[in-house]
Amino acid sequence: MALTFKGLGLVEDDYPGKTQYVMALDSGTTSVRALIVDEYGIIVASARRHIKNIYPHPGWVEQDPMEILAAQIAVMMEVQFKSGIHSDAIAAIGIANQRETTVVWDRDSGQPIHNAIVWQCRRTAPMADELVRAGFENTIRAKTGLKPDAYFSGTKVKWVLDNVDGAREAARAGNLIFGTIDTWLIFNLTGGVVHATDYTNASRTMLFNIHTLEWDQELLDMLDIPVAMLPEVRWSSGDFGRVSPEIMTHSPRITGVAGDQQASLFGHCCFEPGDTKNTYGTGCFMLMNTGGTVVESEHGLLATIGIAEGGRIDYALEGSIFHAGSVITWLRDNLGIIGRVDETEEIANSIPDNGGCYLVPGFSGLGAPWWDPGSRGLLYGLTGASGRASVVRAACESMAYQTYDVLRAMEADAGRKLTSLSVDGGSAKNGFIMQFQADLLDIPVVQPESVETTALGAAYLAGLAVGYWEDREELQQNLGHGRRFEPAGDPIVMAQLLSGWHDAVARSRTVIQ
Ligand code: ADP
C-alpha cells in the first residue's frame with residue numbers, strides 16, 4: 001500500500017515496503033491493551049494487562065502512573081511478538097485513553113510527584129462545590145461545556161499542587177508538568193520529547209475553552225494552575241512524535257490521540273450531526289455529534305469536543321450513566337444470584353415481564369439527566385411473587401431505562417429525533433437488553449461488525465494522518481453489519497413501564513423537584 005504521509009513531512013523510506021498495519025493503544029481504567037489493525041479495520045492481534053486501582057480513602061481512587069506505563073509498553077511488546085508483526089510494519093500508532101485522570105510529574109526526571117488521580121475519584125468534590133458557591137458555574141459551563149465537578153482534571157491538578165510538599169513552588173518555577181493519560185504515555189513513549197494532548201482530551205480538563213480552542217487563563221487563575229504546566233493541544237489526527245527506538249526499534253509515529261469515548265464515536269463513524277453512539281460498559285457513555293455547534297444542555301448533559309480531525313471540529317453532547325454493566329457484576333459479586341454475567345439474558349427472558357419490579361442503580365448517585373449525587377440504589381415494586389428472575393430482569397432493564405432518559409434529553413437539547421442508535425460495550429452483547437432498548441426507544445439499535453470501536457477509532461485517527469486510509473468514506477466501508485434490533489414493543493406497555501421506572505427514580509432521589 002502506498003502511504004502518502006499527508007502533511008507530516010515524512011518520507012516513504014521511513015517504512016520498508018512491508019505489509020503495513022496500525023497499532024492502537026487502548027489505555028482504559030481497568031486494563032491497558034495494544035491491538036494491531038489491518039486496512040479493513042480487522043483486529044489481527046491484541047494483548048492486555050490489568051491495572052490496579054488504589055483506594056486510599058472511601059471515594060478516593062488512584063492508580064500508579066508507572067504501572068500504567070510499564071503495562072502499556074509490555075502489551076506493545078507482547079502484541080508484536082504474538083503476531084510476528086514488528087515495528088517495521090507499523091505505519092502509525094493511535095492512542096485512546098481513560099479521560100480526565102490526572103498525572104503531575106517532574107519535567108526533567110519524568111517522575112510523577114503523586115499517584116494518578118482517577119476520573120472516578122471524589123476527593124475534590126468540596127472544591128467543585130466551592131467553585132459553584134463562588135459563582136463560577138456559568139463561566140465554566142459557557143467556556144468548557146462542563147459543569148463544575150470533581151470528575152474533571154482541573155480540581156485534581158489543584159489538589160496535587162495544594163497537597164504535595166513544594167509542588168506549587170516547583171510548578172511556578174516551571175519544573176512540573178501535567179497530563180492526562182494520553183499525555184503521560186506520549187511523553188514517555190517519545191523519550192520525554194513531546195508534551196502534548198489532543199483537543200478531545202483537553203476538553204475534559206475544565207481548563208480548556210472549547211470555543212477558542214485554547215487553555216483559558218481565567219479558569220487557570222480560578223484554580224491557581226500555572227499555564228506552563230499544560231501540554232500543547234493538537235488535532236486528534238496529526239503528529240505526536242516518534243516512539244523512541246529503545247521501546248520500538250523502528251520508531252513508528254504516534255499520529256492519533258483521543259479520549260476513549262470520543263475515539264469510540266469516531267470508531268462508530270458517527271461523522272454527521274445527529275449520529276449517536278452508546279457504550280454499555282461499567283457505566284454507559286452516550287455521545288451525539290452536534291456538528292460545528294456547541295449545544296448548551298438544559299437537561300444536565302455536557303457539551304464537549306467530539307471529533308477533531310481533518311481541520312474540522314465536531315462538538316458533541318455527552319450523557320454519562322454511572323452504573324450500567326456494573327449492576328450485572330453486582331448481581332454476581334454482591335448478591336451472588338448469578339454465576340456469570342452472560343447468564344442474565346436467559347434469566348431475564350425466562351419471565352414474561354418485570355412484574356412491576358424496578359432497580360434504580362444510584363449506587364454512587366445518579367448521573368445525567370438527574371445529577372443527584374445523594375441518590376442511592378433502590379429495588380422497588382417487590383411482591384411475594386418476585387424472585388431472582390425479577391431482580392435480574394430489573395437490573396437488565398435499568399440500563400435501557402437510563403439510556404432512554406439520556407437519549408430523550410439529548411434529543412430535546414439538540415432539537416432532533418434520532419432514527420437509530422449505534423451501540424457497543426460488554427452489556428451490548430446481551431440480546432435481551434438490546435431488544436428491550438429498541439422497543440423502549442422505538443428505533444433500531446445497531447451494532448457495528450467489530451465491537452472494538454474505541455481501539456478502531458484510535459487506529460483510524462492515526463491511519464488517516466499518514467494516508468493509511470484515504471478518507472472517512474473508506475472507514476465507513478469497514479463498518480460492516482453486526483447485529484440489528486428492530487423495535488417491536490407495544491407503545492402502551494412501554495409507556496406503562498416508563499411510568500413505573502420514573503416513579504421508582506423519584507423515590508430514590510434526594511433532590512425533590
Ligand atoms: P469497561 O470498558 O467499562 O471495563 P466493557 O465494555 O468491557 O466495560 O464491559 C464490561 C461490562 O459488561 C461489565 O460490567 C459486565 O457486567 C457487562 N457484561 C458483559 N457481558 C454481559 C452480558 N452478556 N450481559 C450483560 N452484561 C454484560
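Student: How many of the residues in E13 are buried?
Tutor: Six of the six, so E13 is largely enclosed by the rest of the structure. Buried means under 20% relative accessible area, exposed means over 50%, and partly exposed is in between, with a 1.4 Å probe and protein chains only. Helices (H or I, at least four residues) and strands (E, at least two) are DSSP runs, numbered from the N terminus.

Student: Before I go on, what kind of model is this?
Tutor: A predicted one: local features need pLDDT of at least 70, side-chain atom pairs count only at pLDDT 80 or more, and totals for chains, interfaces and linings use all residues. Residues are numbered from 1 along each chain as its sequence is written, and side-chain values use heavy atoms, with hydrogens and water left out.

Student: OK, back to E13. Which strand is joined to E13 by bridges, and is the pair parallel or antiparallel?
Tutor: Strand E5 (residues 90–97), through five bridges, and the two run parallel. Two strands pair if DSSP finds at least two bridges between them. Ile95 stands opposite Val257 in E13.

Student: Zooming out, how many helices and strands are there?
Tutor: The protein has 16 helices and 22 strands. Of its 513 residues, 60% count as buried.

Student: And what is the radius of gyration?
Tutor: It's 22 Å, which agrees with the value near 24 Å that a compact globule of 513 residues would have. That radius is taken over C-alpha atoms, and the globule rule is 2.2 Å times the number of residues to the power 0.38. Along the principal axes, the C-alpha atoms fill a box of roughly 70 × 55 × 40 Å.

Student: What share of the contacts joins residues at least 24 apart?
Tutor: 72%, among contacts between residues at least 6 apart in sequence. A contact here means heavy atoms within 4.5 Å.

Student: Switching to sheets: in what order do the seven strands of the open sheet come?
Tutor: E16-E17-E15-E14-E20-E21-E22, with mixed pairing. Strand E16 (302–309) and strand E22 (484–485) are the edges, each pairing on one side only.

Student: Which strand does E15 run antiparallel to?
Tutor: Strand E15 (residues 284–291) runs antiparallel to strand E17 (residues 312–321), with seven bridges joining them. Met288 has Leu317 as its bridge partner in E17.

Student: What about E20, are its faces covered or open?
Tutor: Both faces of E20 (residues 421–424) are covered. Leu421 and Val423 are buried on one side, and Ser422 and Asp424 on the other. Strand E14 (residues 276–280) pairs with E20 in the parallel sense over three bridges, with Thr279 partnering Asp424. E20 also pairs in the parallel sense with strand E21 (residues 445–446), over two bridges, and there Ser422 stands opposite Val446.

Student: Now Trp235. Where does Trp235 lie?
Tutor: In the loop between strand E12 (232–234) and strand E13 (254–259). Trp235 counts as partly exposed because its relative accessibility is 29%.

Student: What is Trp235 in contact with, leaving aside its neighbours within four places in sequence?
Tutor: Among them are Tyr199, Phe240, Arg312 and Ile313. Separately, Trp235 and Thr255 are 20 residues apart in sequence and 9.4 Å apart in space, C-alpha to C-alpha.

Student: Helix check: how many residues of H6 are buried?
Tutor: Helix H6 (residues 181–189) has nine of its nine residues buried, including Trp184 and Phe187. Just after H6, Gly191 takes a positive phi of about 70 degrees.

Student: And which residues of H3 are buried?
Tutor: In helix H3 (residues 137–144), Ile140, Arg141, Lys143 and Thr144 are. Their cover includes helix H2 (125–133), strand E10 (208–209), helix H8 (217–223) and E16.

Student: Is Trp371 buried or exposed?
Tutor: Buried, because its relative accessibility is 17%. Asp224 also has a positive phi, near 55 degrees, and counts as partly exposed at 32%.
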